[in-house]
Amino acid sequence: MRYLPKSPDERRRMLAEIGASSIDDLFAVIPPEYRLNRDLLVPRQLAESEILDYFHRAARRNSVGYYSFLGAGAYRHYRPVIIDSLVQRGEFLTSYTPYQAEITQGTLQAIFEFQTMIAELTGMDVANASMYDGSTGTAEAVMMAIRVTGRRKAVVARTVHPEYREVLATYTKYQDLPTTLAPYDRQTGRVDLAALEAEVTEETAAILVQSPNFFGVIEDIPTIAAIAHAKGALLIVAITEPVSLGIVRPPIEADIVAMEAQSFGVALSYGGPFCGVIAAKEQYVRQMPGRLVGQTTDRDGYRGFVLTLATREQHIRREKATSNICTNQALVALMATIFLTVYGKEGMRELAEHNLAKAAYAAKTLSAQRGARLVFNGAPRFNEFVLDTEESPELWTPRLLDVNIAGGVPLKRWYPELGNATLWCATEVVTREHIEAAARVIAVGPAEVWRH
Amino acid sequence: MATDIRNSTPVTAHTTTGKVRPHQTQNEALVFEKSAPGKCAYKMPPLDVPAVDPAELLGDAHREALGLLPELSEIEIIRHFTRLSTWNYAIDLGMYPLGSCTMKYNPRVNEVVARIAGFAEAHPYRPSSHAQGGMEIIEQLQRCLLEITGMDAITLQPAAGAHGEFTGILLTRAWHESQGNPRRKVLIPDSAHGTNPATAAICGYQIENLKSNSDGGIDLGALARQVDFDTAALMLTNPSTLGVFENQIHKIADILHDKGALLYMDGANMNALVGKVRPGDFGVDVMHLNLHKTFSTPHGGGGPGAGPVACKAFLEPFLPIPVLVRNEDGTRHWDYDRPHSVGRVRAFYGNTGMFIRALAYILANGPDGLRQTTEDAVLNANYIRKKLEDLYELPYNTPSMHEVVFSDKRQAAHGVKTGDIAKRLIDYGFHPYTVSFPLIVQGALMIEPTESESVEELDLFIAAMRSIAREAEENPELVKTAPHSTRVSRLDEVQAARKPVLRWKPRENPHS
C-alpha cells in the first residue's frame, strides 16, 4: 500500500522486537467472536490514475459550465488563484489545532488576522476563530445570548434563512427555549417591526434577524436594535452574504453577529466545507463559543500568539462549556483571510459595488418581462431579489437549463404564500449576456399564454 | 516600524538559541502593518451593466468607511502567508504523535479530486438532476462507512466529531422519546474526551461520571450499579483514550441493553479497528466517525472535519433531514419527508468536500490496505511502548492498540512534567504528544504515532524521548525551559488570558 512506509521485513523485525510472533498477537485482546475474519466489502485498491478517473467521471455527472443565479446562503464569487496555492502548503494543510504555540505561530497569526478582519467588517469588537458554518454559528449565537442575559426566549424573524431556523430549532430543542417567529412585511420583505415589537418581552433573550435577509432585503438594523435593547434583549444579526459588508453599513448596533464567510474565496462544493464565525461586543467574549487567538509575548519579550480564554471550552469545562465545539473550519478561515487580503479595503468596496450593479440590472431586466414582477419594493437590497412569474418555475426552470442557465430558487417550499416566487442572485461573475438570455427565456412562457 | 515585532525591550538578553532573529523571514509583521494605501492585489473586469450609485440605492444602509482591511500587492501576500506557514510544524515535516488526533498522512490526490470543477462549483440548491455525480460520491462513501462500521444507516451531515456526538445523542433521545420516556442521564467514563459531557449537556441530559477500573477500563460492577431505567446511554470511546480495547465490550452492551439504554461509541479511535473488528458487531447502537482522523482528510490547523453518524436500523427514522435516497431509475434525490427526524444539524448536506477526500482514501487503500493500515498503526504504538517502557512509567499494563499512554511519574521526581517533556521534544524536531490527557492518568503522555511513520522516524522519536529522559535526570532546567530552537520561546498564556488582545489595532492615528 503506497501510503505505508514499511517493508515486510521491517514489520517482521518490529514484531520481533516487541516479542510478538505475529500481528494477530497485538489484536488478541479483541474477543474472537467479534474479529472480522474476511475482507471488508469495499472497492479494491485503486491506482492513483484510477482514482482520478473515477472522480472525473462522477464529476461529469454533475453538470458543469452552467451560469448560475443561485444564492440563498451559498454564493458564487471569483476565487483568486493564490488562495489554493497558499492553503495547499503542507505547513497549513497538515497541521493540527495550534495548541503547541511555539510551533504553530503561522496558523495562530493568520487566525489573529482573520479575527481582526471579521471584527472590522462586521463592526463588532471581537470575532472567534470560526464555527462549522453560518447555520450552526447562528444557533450557537442564540445559545450565547441565553447565557449572557439569563433569559430563555428568542424571537426569530421569518426572513432568516429557513435552514438556519431549522438548525436553531434542533439546537434549542432540549434547551427549554421557546422561540417565536416574527412575520415579514409583504410590501418591503423586511421583518414586520410592529409585530416584532409585540413579540419582544422582558423575558426575551434575543432577537435574531438576518441582513441582507433571505429575500436579499437589507433590514433596518438600528430600529430593530432599539426594539431589542428597550426590553433588555440582545440583537443577533446573521449574515449569509458577507460581500455585502463592502458597501452595506455593518450592524454596529447588534450585540452578536453570526456570519457565513463562504463568499470570501471558498468553493461552493455542494454546500461545504464553509466557514461560520461569531463576532460580538467585547463584554460578551467570555460567553463566546469556539476558539480564540490572543496576542501575548514570549520570555524574551517578542510578540507571539496563543489560543486563549480556553476556560470556556469543552476540554477544560466539560459539561459546563459554552459549546461542545472542538474541530472548527480553520483552513477555510485561512481562505477567507487570504481573500480579504487580496481584495483589501478598496477591492471589497469595488467587488460589492459590482454585485450591487449586477443585481440591480438583473432585477430590472427580469422583472420587465411580461408576467414577471419584483415581489418586494421599498427597501434596499444587495445582490439578491425575489421575482414572481405568472408561469410556474417548474415550467421555466427546464427551459433555462436547456440554455445552460440555473435560474432562481423556488421559495414555495419554505414560503407557500409566495406561490411562484423565486430567489435570484447576481454576483460579480454573472454577465449581462446571461441576464438577458435568462430574461428572454422567462418571457417566452407568458407570451405564449397571451397568444392562446 | 512595520517589521519590528518587539512589544517592549526583551526581559532577557537575546541569545542565539532560537532561530536567527534578524532574518527577515522570521520577522513577518501582521498583514495590517504591511499595508499601504493604493497598493492592490486584485483587478475587476470592466462592469458590463450600468454602474449604480450605492449611496442612492442603499440610503441609510450605505457603508461610508470600510475600516482596517489591508492593502497589499500579490507578491507580498504570497510571501506573507508563505513565511507564516514556515512557522508551523506539520505532518509533512515529521512525526506528529498527538494522541486521539490520528495525525496521519493526508494524500495529495484527495486535494486534487476535491477541486474538480464538477464538484467544487456545485451549488447546493442546483436541481438534483444536475448533482447526480456528487450524490453518487456521497452514496458510495456511505456504503463504505457502513461496511467498515457494521452499522445499518448513516448521515454524513455533521461537520465534526463533536457535531456527530450531538447528532448521535439526539438520535438516542428521539428514540427514547418514541418509547415514551426520554430518560434523564448519560453515563460518561472519567477517561472520556471533554466533548462527550459537553454534548450530553446540550441534549438536555444530566451527566453521570463512570469511574474507570484499575485497568483504566469500564468497571462492569460499577456500570451495572449505575445503569438504570433513567439511563439513556453510555458514551464509550473504544479503544479507550488509554488506547485500550474494552475486551468486555459485549458485557457492557448487555448491561445497557438489559435496562433499555443505548451504547454510543465515540469513534475517535477507529484507526485501531478498521478492517479488524466492527462496532456494529460488538453491540454499538450509534457512533460517530472522524473523517479527519481515520480517513485522512487534512486537519488544516484545526478544521474542517466531518463527523458522520452511523446507527442501527431502529434509529434510522430519526436521522437528520435530508436523507439521500435512490429512485427506481437509479438516480438519487434528497428526501425531506421524514416525520420522525431530529431535524437538521447544519445547513445543506455536510462538509461535502471532505466526503470526496475520504472516499479517495478508501479507494486508494481497498480492503487489504485498510487492514494493513490498522495493523501498522497498532504495530507502531506497541513498538514505541516497548522501546520506552523502561524509562517512562506505564500507568496501566493493559495491551495497547493504536496509542500508548505513559505518565511523567519518574521525570516529575526531578521536577520535569509532561508539558516540559513535550516542549523539549520540539527541540528534537517532533511535534509533542497529547499532554495531560486522559485525565485519569496523572501527568499523561499520550502518544499516537499512526501508520504513517517509518521505522527510521520511529527510532528517531524513541531516541529523542530517551535522550529527554536522561536530560530530565541530569539537567532538568534544560527541559523545563524548552523549547530552545523555536522562533519564539514559551509564550505567556496567563497574560494572554488576563488582558485579552484578540484583534490588531493601530497604535496611533486611529482609522476614520
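Predicted model: local features only at pLDDT ≥ 70, side-chain atom pairs only at ≥ 80, totals over all residues.
L93(B) is partly exposed, because 17 other C-beta atoms lie within 10 Å, and being called buried would take 20 or more.

As for where L93(B) sits, look in chain B at the loop between α2 (74–85) and α3 (108–114).

## Where the chains meet

Now for the contact between chains B and A. Chain B puts in 179 residues, and chain A puts in 164. On the chain B side, the top contributor is helix α10 (residues 352–388), which gives 23 residues.

What is the chain B side made of, by class? The part of chain B that touches chain A has 98 nonpolar residues, along with 52 polar and 29 charged ones.

## Chain A in two pieces

Chain A splits into domain 1 (67–77 + 345–451) and domain 2 (82–340). Going by C-alpha atoms, the centres of these two domains of chain A are 28 Å apart. Where they touch, 26 residues of domain 1 of chain A are in contact with 25 residues of domain 2 of chain A.

Which elements give two or more residues to the domain 1 side of that contact? In chain A, they are α11 (330–367) and β12 (384–389). Of the elements on this side, α11(A) gives the most, with seven residues. Sorted by class, the domain 1 side facing domain 2 in chain A has 15 nonpolar, six polar and five charged residues.

The largest nonpolar core runs to 317 residues, and the ones with the most contacts inside it are I207(A), I236(A) and I256(A). Helix α11(A) turns up again here, giving the most to this core with 23 residues. Both domains of chain A have a share in it: domain 1 (67–77 + 345–451) and domain 2 (82–340) each supply at least three residues. As a general point, nonpolar side chains in soluble globular proteins tend to be buried together.

I236(A) is a handy spot for looking around. Leaving out residues up to four places away in sequence, I236(A) touches A141(A), V142(A), A145(A), A206(A), I207(A), L208(A), A254(A), D255(A), I256(A) and A258(A).

Terms used
Residues numbered from 1 in each chain as written. Chains lettered and ligands numbered in written order. Domains from an automatic or database assignment. Contact = placed C-beta atoms within 7 Å. Helix = DSSP H or I, 4+ residues; strand = E, 2+ residues; numbered from the N terminus. Nonpolar A, V, L, I, M, F, W, Y, C, P; charged D, E, K, R; others polar. Buried ≥ 20, exposed ≤ 12 C-beta atoms within 10 Å, placed from the backbone. Core = buried A, V, L, I, M, F, W, Y, C linked by C-beta atoms within 7 Å.
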